[in-house]
Amino acid sequence: MTKFSDLALDPKVLQAVAEAGYETPTPIQEQAIPHALEGRDVLGIAQTGTGKTASFTLPLITLLSKGRARARMPRSLVLAPTRELAAQVAENFDIYAKHTKLTKALLIGGVSFGEQDKLIDRGVDVLIATPGRLLDHFERGKLLLTGVQVMVVDEADRMLDMGFIPDIERIFQLTPFTRQTLFFSATMAPEIERITNTFLTAPARVEVARQATTSENIEQKLIEVKPSRKDRGFAEKRAVLRALIKAEGEACTNAIIFCNRKMDVDVVAKSLKAHGFNAAAIHGDLDQSHRTKTLDAFRDGTLHLLVASDVAARGLDIPAVSHVFNFDVPSHPEDYVHRIGRTGRAGRKGKAYTLATPADEKYLANVESLVKQQIPRGENPMANVVAEVDEAPAPAPARTKRRDESRPQERRDDRREDRGNRRGDRRDGPVVGMGDHVPDFILRSFARPAKPELDLEQEADADEAQE
Ligand code: AMP
């Protein structure tokens with residue numbers, strides 16, 4: 001078995017690795033590090049949790065151990081798609097470089113330019129950045145990329161999802177042609193393939209097996225939610241989520257709840273809080289200090305439920321999550337693999353629940369075809385309760401007005417969807433038993449509740465009454 005000491009790393013790096021408690025290199029480290037140390041370009045196909053951060057950070061520190069940084073000319077560049085990932089790389093760098101004199105700067109949104117400028121002015125060995133922020137600094141004339149000897153691109157497939165590929169291409173063009181490139185992606189989409197063909201030179205391709213989705217440690221369940229009315233889907237899914245969490249009881253020591261859209265992340269987190277759960281949201285629109293605080297609370301166990309978007313949660317190193325709840329079936333099937341891989345780690349047992357409405361049929365088929373299995377169906381704990389809701393009278397128009405006013409601006413897409421649904425309702429539903437002579441204004445009042453989603457306090461009250 002390969003040992004770290006077989007890998008020709010700088011002795012100071014080896015010391016730090018030993019102090020970090022790592023005994024043997026992971027497969028991606030074992031494969032990528034020797035190529036990187038030889039100065040070759042590396043194309044690493046690996047996802048988070050495989051030890052890929054160390055697979056580029058350890059050789060990077062070793063390669064940079066000789067030489068000195070010059071003012072405004074970083075010697076290496078690490079690009080990560082999100083602030084959290086960039087911050088995580090920076091933390092890793094601090095651990096592995098602690099016995100060296102190498103310096104770093106972290107360029108991410110939400111952190112003031114001034115401090116970063118000072119560091120860069122002095123000269124840094126490693127510049128860790130998100131692409132947009134890096135280009136901001138460059139355009140302000142504070143930074144020269146002509147001294148970059150090694151460039152790392154981490155989570156390239158996520159960069160693609162986030163629309164960063166043009167920025168990455170531009171950054172490649174701003175660095176010297178002779179640089180060494182270490183490029184990591186969990187998947188090889190055609191666009192990623194194109195970039196690597198253009199900017200990498202005869203790369204060593206190293207690939208580690210996709211995380212097993214059918215890991216025996218992860219119990220997967222699909223909960224089918226059939227909304228009593230199309231426009232009740234969002235609220236009813238929240239009720240199902242709460243029932244599932246409650247049913248898990250103490251077995252749910254901590255959980256990540258994934259939503260496809262960041263506006264839903266906020267609403268789901270607020271709704272859980274209104275129902276007395278210890279929950280908080282993390283997504284890209286929240287400011288950095290808020291996100292850091294939330295993550296720290298989740299890591300140290302003071303926060304029980306983290307409601308997250310895929311982008312915000314991607315690559316975050318959060319150990320030991322007992323449960324993952326997919327509030328939506330992810331629209332990118334690979335995200336299902338990433339999401340449920342948050343639980344059942346390191347030999348522990350984990351549970352992954354996915355809520356699916358009939359509208360998710362296509363996404364679900366994609367997920368099941370990717371993981372090559374049918375996700376076992378679980379019982380919807382609210383099935384009967386939802387049936388009761390079905391029989392409830394339509395909400396009163398006065399309430400509707402208040403709801404409309406309280407509805408957050410960003411839920412416009414949903415409203416558009418709702419309008420479509422309402423039109424459907426008008427055709428099929430409200431006229432039953434009333435004949436053809438119902439005056440138009442009565443029809444309108446039935447069809448009007450745009451989003452019969454109660455505001456959160458009302459919702460909590462209503463549910464309490466029900467329970
Ligand atoms: P990553 O895939 O880079 O996000 O790493 C996932 C986790 O594995 C991090 O918590 C690392 O600290 C840890 N790790 C990385 N390399 C090793 C190793 N060789 N042995 C044990 N743990 C490691």
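Visitor: To how many aromatic pairs does the count come?
Guide: The model under discussion is predicted. Rings of Phe, Tyr and Trp are paired if their centres lie within 6.5 Å. Under that rule, the count of aromatic pairs comes to five.

Visitor: Are the rings of Phe234 and Phe327 stacked or edge-to-face?
Guide: The ring centres of Phe234 and Phe327 are 5.8 Å apart, and their planes stand at 85°. Planes over 60 degrees apart count as edge-to-face. The pair of Phe234 and Phe327 is therefore edge-to-face.

Visitor: How many residues apart in sequence are the parts that Phe234 and Phe327 tie together?
Guide: Phe234 belongs to helix α10, whereas Phe327 sits in the loop between β12 (323–326) and α14 (333–340).

Visitor: Is Phe327 buried or exposed?
Guide: Burial requires a relative accessible area under 20%. Phe234, with 11% relative accessibility, counts as buried. Phe327 has a relative accessibility of 0%, so Phe327 counts as buried.

Visitor: Are the rings of Phe325 and Tyr353 stacked or edge-to-face?
Guide: The centres of these two rings are 5.6 Å apart, with the planes at 5°. Planes under 30 degrees apart fall into the stacked class. The pair of Phe325 and Tyr353 is therefore stacked.

Visitor: In which strand does Tyr353 lie?
Guide: Phe325 and Tyr353 are both buried. Their pair links distant parts of the chain, 28 residues apart. Phe325 is in strand β12, and Tyr353 is in strand β13 (residues 350–356).

Visitor: Over the face of which residue does Lys237 lie?
Guide: Lys237 is part of helix α10 (residues 233–248), and at 7% relative accessibility Lys237 counts as buried. Beyond its neighbours within four places in sequence, Lys237 contacts Val225, Phe327, Asp328, Leu355 and Thr357. At 4.7 Å from the ring centre, Lys237 lies over the face of Phe327.

Visitor: At what distance from the ring centre of Phe234 does Arg238 lie?
Guide: A charge sits over a ring if CZ of Arg is within 6 Å of the ring centre and within 35 degrees of the ring normal. Arg238 lies over the face of Phe234, at a distance from the ring centre of 4.6 Å.

Visitor: What separates the C-alpha atoms of Ala90 and Leu106?
Guide: Ala90 is found in helix α4 (residues 83–96) and is buried, with a relative accessible area of 4%. Its contacts, leaving aside neighbours within four places in sequence, are Lys104, Leu106 and Ile128. Although Ala90 and Leu106 are 16 residues apart along the chain, their C-alpha atoms are separated by 6.9 Å.

Visitor: How many residues does the largest nonpolar core have?
Guide: Those with the most contacts inside this core are Leu58, Val78, Ile128 and Leu182. Not counting residues up to four places away in sequence, Val78 touches Phe56, Leu60, Val89, Val126, Leu127, Ile128, Ala129 and Val152. A second, separate core of 30 residues includes Leu43, Ile45, Met188 and Phe199. The size of the largest nonpolar core is 37 residues.

Visitor: At roughly what angle do the axes of α4 and α12 cross?
Guide: Arg83, Glu84 and Gln88 in α4 meet Gln288, Arg291, Leu295 and Arg299 in α12. The crossing of these helices is right-handed. The axes of α4 and helix α12 (residues 288–299) come within 11 Å, and their crossing angle is roughly 65°.

Definitions and conventions: Residues numbered from 1 in each chain as written. Predicted model: local features only at pLDDT ≥ 70, side-chain atom pairs only at ≥ 80, totals over all residues. Heavy atoms only, no water. Helix = DSSP H or I, 4+ residues; strand = E, 2+ residues; numbered from the N terminus. Buried < 20%, exposed > 50% of the residue type's maximum accessible area, 1.4 Å probe, protein only. Contact = heavy atoms within 4.5 Å. Phe/Tyr/Trp six-rings, centres within 6.5 Å; stacked < 30°, edge-to-face > 60°. Core = buried A, V, L, I, M, F, W, Y, C linked by side-chain atoms within 4.5 Å. Axes fitted to C-alpha atoms, helices over the stretch in contact; angles between N-to-C directions. Left-handed = near helix turned anticlockwise from the far one by under 90°.
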